[in-house]
Amino acid sequence: MNFSNSGFHLLGIAGWSGAGKTSMIEAVLPHLIAHGLSVSTIKHAHKGFDLDHPGKDSFRHRAAGAREVLLLGDRRFALLHECNGEQPDLMSLLGRMAPVDLVLVEGFRDYPMPKLEIFRPSVGKPPLWPTHPSVLAVATDAAPLDDCALPQLDLNQPTHIAAWIIAHSVKQG
């Protein structure tokens, strides 16, 4: 779905820690790309996560007060931006990204965007779909889920998950 006139098609990948969100994205990305889509991802990292470490030049720049440090290598660049206790919202992060066909957003469980839930009963947490109306479908290793009226996808079938994403996230925008 085209989200809030942002120009980006967004699909949240939601679920509890340990459910396999990252693994599912990793398995599905090649199938989406094989269909000719350009895809980027945003991952909401755990608290205290940092790319930078004491002793690195970039760390020293930030410690000296730089608000942003851009690291450039021969294969990629990374922008380190000091949030100073205030995380930017998802839309402002999207504004920093190059345009693509689809952005898969891992985390941001409570953000109001269309979502595919990754649900594994073995994690021992309740499903999100009963209380999160933005969940459009469930990818699970326990199908069929008798109490779920949403489309259910086999978590072990990344080709089918990719086809659902294309049909319900990109083509409808």
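The 14 residues of helix 1, at 1.5 Å a residue, should span 20 Å, and the end C-alpha atoms are 20 Å apart, which agrees; the expected span is 1.5 Å times one less than the number of residues. The structure is a predicted model, in which local features require pLDDT of at least 70 and side-chain atom pairs count only at pLDDT 80 or more, while totals for chains, interfaces and linings use all residues. Residues are numbered from 1 along each chain as its sequence is written, and side-chain values use heavy atoms, with hydrogens and water left out.

Helices (H or I, at least four residues) and strands (E, at least two) are DSSP runs numbered from the N terminus. The chain contains 4 helices and 8 strands, arranged along the sequence as β-α-β-α-β-β-α-β-β-β-β-α. Its C-alpha atoms fill a box of roughly 55 × 35 × 30 Å along the principal axes. Of the 173 residues in the chain, 36% are buried, where buried denotes under 20% relative accessible area, exposed over 50% and partly exposed in between (1.4 Å probe, protein chains only). Among contacts (heavy atoms within 4.5 Å) with a separation of 6 or more, 54% join residues 24 or more positions apart.

Helix 1 bends by about 30° at Val28, and Pro30 follows within four residues; the bend is the angle between axes fitted to the seven residues ending at a position and the seven starting there. The buried residues of helix 1 are Lys21, Met24, Ile25, Val28 and Leu32. Their cover includes strand 1, strand 2, strand 5 (102-106), strand 6 (115-119) and helix 4 (158-170). After helix 1 comes Gly36, with a positive phi near 85°.

Grid points are joined across faces, edges and corners, and a volume is the space filled by probe spheres set on the points.

The largest pocket holds about 1600 Å³ of space. Its lining comprises 30 residues, with Leu51, Leu79, His81, Cys83 and Leu93 closest to the centre. Strand 2 (39-43) and strand 4 (77-81) are the elements that give two or more residues to this lining, strand 4 giving the most, with 5 residues. By class, the lining has 13 nonpolar, 8 polar and 9 charged residues; Ala, Val, Leu, Ile, Met, Phe, Trp, Tyr, Cys and Pro count as nonpolar, Asp, Glu, Lys and Arg as charged, and the others, Gly among them, as polar.

The second largest pocket has a volume of about 250 Å³. Among its 15 lining residues, Gly15, Trp16, Ser17, Lys21 and Lys43 lie nearest the centre. Strand 1 (10-14) and helix 1 (21-34) each give two or more residues to the lining of this pocket, and helix 1 gives the most, with 3.

One cavity of 30 Å³ or more is present. The largest cavity is lined by Gly15, Trp16, Ala19, Glu117, Ile118, Phe119, Arg120, Val123 and Lys125. Phe119 lies in strand 6 and counts as buried because its relative accessibility is 8%. Beyond four places in sequence, Phe119 touches residues including Lys125, Trp129, Val138 and Leu145.

Note on methods:
1 Å grid on protein atoms, 1.4 Å probe; cavity = no way out; pocket = protein on both sides within 12 Å on 5 of 7 lines; lining within 4 Å.
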